Amino acid sequence: MTLSDLQIASFKKAGYISPIRIADQTQGDYCRDQFNQLEAREGREKSMIGLLDRHMDHPFIWELATQPDILDCIEAVIGPNILLLATHFFCKYGGSSDRFVAWHQDVTYWGLEPPMAVTAWYAVDDSDRDNGCMQIIPGTHAAGIREHGKSAQDGNLLSINQEVNMSPEQEKTAVDLILKAGEMSIHHGLTIHGSLPNQSDRRRCGLTMRYVPTFVKQVNANSMGIRYHALLVRGQDEEKHFGEMDPPSFK
Ligand SMILES: O=C(O)CCC(=O)C(=O)O
């Protein structure tokens with residue numbers, strides 16, 4: 001798959017690209033069915049934000065994170081040598097849930113040097129305004145790392161309740177990333193984004209896949225005290241900043 005010049009230019013200027021179709025109906029249904037099984041085993045509470053790096057024990061996640069079409073898009077924006085840093089589900093249930101994701105930048109608390117990463121957000125379910133799709137503030141990646149405080153609102157799904165303050169004027173420029181199941185968006189690690197509570201009676205689940213070029217190092221543990229086990233998913237890793245991890249084996 002190739003991104004158009006227009007899409008790449010939009011990533012550079014606005015800090016995101018959306019939507020990009022990745023899976024057809026059958027593949028999308030398969031992925032949702034696999035997630036449903038994982039959710040049934042792990043329970044809803046954990047499925048909201050507690051399913052981290054399950055590409056190591058679930059082939060459907062590994063297959064998605066290494067799918068050539070996704071890696072082609074990632075290569076177009078970060079170059080040919082690519083590490084999969086992490087995967088993480090963000091799942092918000094319908095009903096009266098107050099769970100939301102406060103405005104933030106991804107790389108602020110990841111301990112990376114340079115602070116550079118790209119996220120592919122794959123829609124397991126249809127994701128729209130009603131069920132709390134992701135929102136981004138275009139162009140915010142260009143201003144570097146912003147200071148984050150703590151959210152005053154209950155229900156923030158982020159690891160340390162972080163939030164970057166946005167003025168009402170800035171919030172007015174937010175764009176809804178409306179995706180059908182099987183589509184994805186890509187955002188720059190400095191682009192400010194978040195999502196509102198799910199006000200529908202439908203689940204909204206997305207799989208985030210985080211990628212970095214091989215020249216990026218982790219110089220500090222992330223906000224959860226974790227050192228990443230990054231895996232080479234395309235190209236060459238001459239720097240070996242994350243060591244040499246074997247890819248998962250599902251035999
Ligand atoms: O899925 C969401 O609502 C937010 C995702 C997010 O914050 C991220 O990709 O870092």
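Which residues are buried in helix H5 (residues 68-78)? In this predicted model, the buried positions of H5 are Ile70, Leu71, Cys73, Ile74 and Ile78, where buried stands for 20 or more other C-beta atoms within 10 Å of a residue's own, exposed for 12 or fewer, and partly exposed for anything in between, with C-beta atoms placed from the backbone. Viewed down the axis of H5, these buried residues fall within an arc of 155 degrees, so they line one face of the helix; the arc is that of the directions from the helix axis to the C-beta atoms. Helices (H or I, at least four residues) and strands (E, at least two) are DSSP runs, numbered from the N terminus.

Residues are numbered from 1 along each chain, as its sequence is written. Because the model is predicted, local features need pLDDT of at least 70 and side-chain atom pairs count only at pLDDT 80 or more, while totals for chains, interfaces and linings use all residues.

Contact is taken as C-beta atoms, placed from the backbone, within 7 Å of each other. Ile74 illustrates this packing: leaving aside neighbours within four places in sequence, Ile74 is in contact with Ile82, Val118, Ala120 and Tyr211.

In soluble globular proteins, nonpolar side chains tend to be buried together.

For the protein chain as a whole, there are six helices and 14 strands. The radius of gyration is 17 Å, close to the 18 Å that the globule rule gives for 251 residues, so the chain is as compact as a globular protein of that length; this radius is taken over C-alpha atoms, and the rule is 2.2 Å times the number of residues to the power 0.38. Along its principal axes the C-alpha trace spans about 45 × 40 × 40 Å. Buried residues account for 41% of the 251 residues. Of contacts between residues at least 6 apart in sequence, 86% join residues at least 24 apart.

The ligand is surrounded by Phe90, Val101, Asp106, Thr119, Trp121, Met134, His193, Ser195, Gly206 and Thr208, each with its C-beta atom, placed from the backbone, within 6 Å. At least two residues of this shell come from each of S5, S11 (193-195) and S12.

Some backbone details complete the picture. Most residues other than glycine have a negative phi, and most peptide bonds are trans. A cis peptide bond joins Ser18 and Pro19, with omega about -5 degrees, and Pro19 sits in S1. Another cis bond runs from Glu113 to Pro114, with omega near -5 degrees. Asp53 has a positive phi near 55 degrees and lies in the loop between H3 (44-49) and H4 (59-65); with 18 other C-beta atoms within 10 Å, Asp53 is partly exposed. Lys240, in the segment after S14, has a positive phi near 55 degrees and counts as exposed, with 9 C-beta neighbours inside 10 Å.

Terms used: Two residues are in contact if their C-beta atoms, placed from the backbone, lie within 7 Å.
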